[in-house]
Amino acid sequence: MKTVFRLTLWLLGMILLPEIQAITPQAPLVLGAERMDVVTRLLQDKQVGLVVNQTSILEKQQKHLLDALLEKGIQVKKVFAPEHGFRGTADAGADIKDSRDLKTGIPIVSIYGKNKKPTAEQLQGLDVVVFDIQDVGVRFYTYISTMHYVMEACAENGVEFIVLDRPNPNDFVDGPIRKKGFESFVGVDPLPILHGLTVGELAWMINSEGWLKSSPDSCKLHIVKMENWRHGDPYWLPVKPSPNLPNDQSIRLYPSLCFFEATNVSIGRGTYYPFQVIGFPDRKYGDFSFTPVSLPGFDTNPLQKDKECYGVDLREYPFEGGLSLRFFLDFYEKAGKDQAFFFSRPQWFDLLAGTKELRYQIVRGLTEEEIRESWKPELDTYKQMRKKYLLYPDYPVKK
């Protein structure tokens, strides 16, 4: 009788376990940058450079990493500024100039101007470089390209490289993998469009897979992990990661809508809702209308500036995230499949996709399902490789 009773309890436990886990509160997220005891121990008595921007915030203290380190007596000697600059306000693609931080007087060295990779001279005197920038999980989001180049420079000059890890808000694995011959600043490494990694995990992969110009594992890499985060956990960014990703909806739609950047179609740059609307100055594209204008803090010279565009409003669209071709294929169909008009910058489209095959598939009239099927073999191989570099439980990465 006791055996039956125990078996019944065990079965009930197995049935109820998912519900119990679902209601059990998870411990609060601790970012890598917020583990200040670990960070300061790694940086004590060293000459430090930072690769940071406006997202490099200790959320609980609402304090920038630079300020927090200086308060702890860490010797921060310079800041390396990526695309959009140290404060994250420059337009996409705009050169960043060397300057000084007005608050601290610390030199700011541009690595998005004359050079995207720190020079030996710029690294001179530094013992360690710390990377703490919020990524959005997308191959063509250029902060991970910056990370690659800084890692490479550190490896070549014997400088340590530390990543303070942050969550991936687009935690999916999807899209075509960047092919050889399509290397660019929007595709430095052979990754799918959605790589399904944190920046710490990605740094480990870049280093160990031999993607740096030097030999594998040549970068003296240290990752300060987050606490209480799992792949698939939702994460809402407290600071917009770049001028034209102002909210969570824009971040979710960014991987899918960025393809339009190689066309004549506007995705809302020059409005307060970029990457949330799609339109062109022709009523055949939809009933919703918007007019891009010069908008400091977003885009001062947007596509279709001062022209009324017609299309669709995705601000309330129930999009869970990931990569979708539905929006692009819909507008291509409405354009009358005019390849010359629609792919106004075909080479740029191919660099974003990481291959010319996607453009060819669209022109040939393949469905989204057929296109996705063509990605599967390489994505399966990538997913197996990805498993080697996971620092957090895979619970579960989507797609």
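This is a predicted model: local features need pLDDT of at least 70, side-chain atom pairs count only at pLDDT 80 or more; totals for chains, interfaces and linings use all residues.
The protein is divided into domain 1, which covers residues 30–222, and domain 2, which covers residues 246–382. The centres of domain 1 and domain 2, taken over C-alpha atoms, are separated by 28 Å, and each side gives 28 residues to the contact between them.

The size of an interface is often given as the accessible area lost when the parts come together. For domain 1 and domain 2, this buried area is about 2,300 Å², and carbon and sulfur atoms give 67% of that area.

## Helix α2

Helix α2 runs through residues 36–43, and because six of its eight residues are buried, the helix is largely enclosed by the rest of the structure. The buried residues in α2 are M36, V38, V39, T40, L42 and L43.

The elements that cover these buried residues include the strands β1 (47–52), β2 (57–58), β7 (128–132), β8 (160–164) and β11 (221–224), together with the helix α3 (65–71). Just after α2, the backbone at D45 takes a positive phi of about 65°.

## Helix α7

Helix α7, made of residues 248–257, is also mostly covered, since eight of its 10 residues are buried. These buried residues are Q249, S250, I251, L253, Y254, P255, S256 and L257. Among the elements that cover them are the strands β10 (192–195) and β12, as well as the helix α8 (326–334).

At the start of α7, there is an approach between a side chain and the backbone: a side-chain oxygen of N247 reaches to within 3.3 Å of the backbone nitrogen of Q249.

Strands of a sheet pair through backbone hydrogen bonds, either parallel or antiparallel. In this model, β13 and β14 (residues 309–313) run antiparallel and are joined by three bridges; in one of the pairings between residues, F288 has G311 in β14 as its bridge partner.

## T198, a buried residue in a loop

T198 lies in the loop between the strand β10 and the helix α6 (199–208). The relative accessible area of T198 is 1%, and because a residue counts as buried when this value is under 20%, T198 is buried.

The side chains of T198 and D165 are joined by a polar contact of 2.8 Å. When residues up to four places away in sequence are not counted, T198 touches D165, R166, M226, W229, H231 and Y392.

## W375, a buried residue in a helix

W375 is found in helix α12, which spans residues 368–387. With a relative accessibility of 6%, which is again under the 20% limit, W375 counts as buried.

Although W375 and P176 are 199 residues apart in sequence, their C-alpha atoms are 5.6 Å apart in space. P176 is also one of the residues in contact with W375 once neighbours within four places in sequence are left aside, and the others are D174, G175, L323, L325, L358 and Q361.

Terms used
Residues are numbered from 1 along each chain as its sequence is written. Side-chain values use heavy atoms; hydrogens and water are left out. Two strands pair if DSSP finds at least two bridges between them. Helices (H or I, at least four residues) and strands (E, at least two) are DSSP runs, numbered from the N terminus. Buried means under 20% relative accessible area, exposed over 50%, partly exposed in between (1.4 Å probe, protein chains only). Contact means heavy atoms within 4.5 Å. A polar contact is a pair of N or O atoms within 3.5 Å; within protein, one must be able to donate a hydrogen and the other to accept it, and residues adjacent in sequence count only if both atoms are side-chain atoms. Domain bounds come from an automatic or database domain assignment. Buried area is the accessible area (1.4 Å probe) that two parts lose on being put together, summed over both.
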